[in-house]
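Colleague: I would like to learn how to read a helix and a pocket in a model of this kind. Could we go through them slowly, one feature at a time?

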Amino acid sequence: MTAAIMSDTDTLIVEHLETHFASRGGLVKAVDDVSFSLRPGQIMGLVGESGSGKSMTGYSLMGLVDAPGRVVGGRILLHGQDLRSLSPEAMRRIRGNRIAMIFQDPMMTLNPVLRIDTQMIEAILAHRDIGHEAALAIAREALVRVGIAAPDERLNAYPHQFSGGMRQRVAIAIALLNAPDVIICDEPTTALDVTIQGQILYEMQKLCRESNTALIWITHDLSVVAGLADTVSVMYAGRIVESGPVERVLAQPRHPYTYGLIASAPSRNEPGRPLRQIPGATPSLLNLPSGCAFRSRCPRATGICAQTPELRDVDNRALRCFHPVADAADMPDEAA
């Protein structure tokens, strides 16, 4: 969201975040002037096509951007403390403690050759000065919270003895171990069947409400965001182009890109008719058009779109567009 509606009581405030990658072909602005805020217990959906910068935003917040990439600008304020100002050692003390991340593939979190209890206890003792038995009790409780039956038996198991859904539950439990202020979820349910996905989404929503943990849910699935999030931010080519209350943005999208994403959902199309789609393809971040990055695919683009639109408050949302959509009549049939 825009800086004007950020508050000192917010758990997380991100201001003008920029993450760049130097390559032989030129400079890639993977995250370009991204700003938003999160209140305690709030869930924000971060959506967009592949390559839009969603995951890189999450990695930037966690301090996990590897060379040749680096965060070059902006502030990341966690309860007022700028994470960008911290030393690597200080950031390690915060990562997994006050801010945690759940990855799409749980095997990025779990070590295949260590038992679950070993991995969970290590994650606890790295941040707390408590005994082994107390840490084991915390690990057992965390497994129960994510719906894993027979926790004592599961603690003694190895990751390969779990199904994909169960491994993801363990990864979520590890993220919850130290009661973080913020959890970043990078499409953690994409590879799971619909039933397991629904269970995990329900549990994450419940856990956030109970523990007052702020949550960023990174996904390309708007239906997940509709049922889970309080707010949604839509990214395109490294920038947030629209953000606001989820029910308002999804019911009345104002940015042509957001409108196209929603209109192209199969559930929005009539049986027997070709699926609607956004024309063209996402441009390379090495060769973005000047001004609005979406203008080469936008049916509403005019000459002014060669200039860069600023993020501004429009209709109870933040919007980066010179020609907001008012209703379906504004869009041609192929985009509507």
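Modeller: Let us begin with two words: a residue is called buried when under 20% of its relative accessible area is left, and exposed when that value is over 50%. Please keep in mind that this is a predicted model.

Colleague: Which residues of α4 are buried, and which are exposed?

Modeller: Helix α4 runs over residues 132–145, and its buried residues are A135, L136, I138, A139, A142 and L143, whereas E133 and E141 are exposed on the other side of α4.

Colleague: Why do the buried residues of α4 line one face of the helix?

Modeller: The general idea is that an α-helix has 3.6 residues a turn, so residues three or four places apart point the same way. In this case, seen down the axis of α4, the buried residues fall within an arc of 160°, so they line one face.

Colleague: What do these buried residues pack against?

Modeller: The buried residues of α4 pack against α3 (116–125), α5 (151–155) and α6 (164–176). Just after α4 comes G147, which takes a positive phi of about 85°.

Colleague: How many residues line the largest pocket, and which lie nearest its centre?

Modeller: The largest pocket, with a volume of about 580 Å³, is lined by 21 residues, and R95, G96, T109, A123 and I174 are those nearest its centre. The elements giving two or more residues to this lining are β6 (99–102), α3 and α6. By class, the lining holds twelve nonpolar, six polar and three charged residues.

Conventions:
Residues are numbered from 1 along each chain as its sequence is written. This is a predicted model: local features need pLDDT of at least 70, side-chain atom pairs count only at pLDDT 80 or more; totals for chains, interfaces and linings use all residues. Side-chain values use heavy atoms; hydrogens and water are left out. Helices (H or I, at least four residues) and strands (E, at least two) are DSSP runs, numbered from the N terminus. The expected span of a helix is 1.5 Å times one less than its number of residues. Buried means under 20% relative accessible area, exposed over 50%, partly exposed in between (1.4 Å probe, protein chains only). The arc is that of the directions from the helix axis to the C-beta atoms. Contact means heavy atoms within 4.5 Å. On a 1 Å grid over the protein atoms alone, a cavity is a set of points where a 1.4 Å probe fits but cannot get out, and a pocket is an open set with protein on both sides within 12 Å along at least five of seven lines; lining residues have an atom within 4 Å of a point. Grid points are joined across faces, edges and corners, and a volume is the space filled by probe spheres set on the points. Ala, Val, Leu, Ile, Met, Phe, Trp, Tyr, Cys and Pro count as nonpolar, Asp, Glu, Lys and Arg as charged, and the others, Gly among them, as polar.
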